[in-house]
Amino acid sequence: MVLHAAKSVGKLATLFEAMDHRESKSMTDEELMTIKAMSADLVTAALRLANLFQFDLDSELCERVKEKNGVGF
């Protein structure tokens with residue numbers, strides 16, 4: 001599961017790196033579809049980890065958002 005998450009991050013990194021080096025910063029429909037799919041894959045990996053290690057992902061996410069952004073839910 002972690003390898004799949006790493007592959008999703010790699011696909012996103014490759015996509016954003018290519019976008020960073022081209023003139024047009026707008027995304028194609030295909031790029032947007034990739035971003036959506038890889039984002040969903042990462043959320044799925046997080047849910048699987050939460051189930052495997054029996055923790056409340058919702059609570060952890062809220063705490064992380066507060067910790068990193070100073071904003072709460």
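These are my notebook entries on what I looked up in this structure.

**Ground rules.** I am working with a predicted model, in which local features need pLDDT of at least 70 and side-chain atom pairs count only at pLDDT 80 or more, while totals for chains, interfaces and linings use all residues. Residues are numbered from 1 along each chain as its sequence is written, and side-chain values use heavy atoms, with hydrogens and water left out.

**Helix 2.** I began with helix 2 (29-53), taking helices as DSSP runs of H or I with at least four residues, numbered from the N terminus. At 1.5 Å a residue its 25 residues should span 36 Å, and the end C-alpha atoms are 36 Å apart, which agrees; the expected span is 1.5 Å times one less than the number of residues.

I then listed the buried residues of helix 2, which are Glu31, Ile35, Met38, Ala45 and Ala50; buried means under 20% relative accessible area, exposed over 50%, and partly exposed in between, with a 1.4 Å probe and protein chains only. Their cover includes helix 1 and helix 3 (57-69).

**Core.** The largest nonpolar core consists of 5 residues, Leu12, Leu15, Met19, Ile35 and Met38, where such a core is a set of buried Ala, Val, Leu, Ile, Met, Phe, Trp, Tyr and Cys residues joined through side-chain atoms within 4.5 Å. Helix 1 gives the most to this core, with 3 residues. Leaving aside residues up to four places away in sequence, I found that Ile35 touches Leu12, Leu15, Phe16 and Met27, contact meaning heavy atoms within 4.5 Å.

I looked next at Ser8 in helix 1, which counts as buried because its relative accessibility is 4%. Beyond residues up to four places away in sequence, Ser8 touches Met38, Asp41 and Leu42.

Ser8, Met38 and Asp41 are also among the residues lining the largest pocket; a pocket is an open set of points on a 1 Å grid over the protein atoms alone, with protein on both sides within 12 Å along at least five of seven lines, and lining residues have an atom within 4 Å of a point. Helix 1 and helix 2 each supply at least two residues of that lining.

**Leu57.** My last entry concerns Leu57 in helix 3, which counts as partly exposed because its relative accessibility is 24%. Leu57 and Leu47 lie 10 residues apart in sequence and 6.9 Å apart in space, C-alpha to C-alpha. Not counting residues up to four places away in sequence, Leu57 touches Ala46, Leu47 and Ala50.

Key. On a 1 Å grid over the protein atoms alone, a cavity is a set of points where a 1.4 Å probe fits but cannot get out, and a pocket is an open set with protein on both sides within 12 Å along at least five of seven lines; lining residues have an atom within 4 Å of a point.
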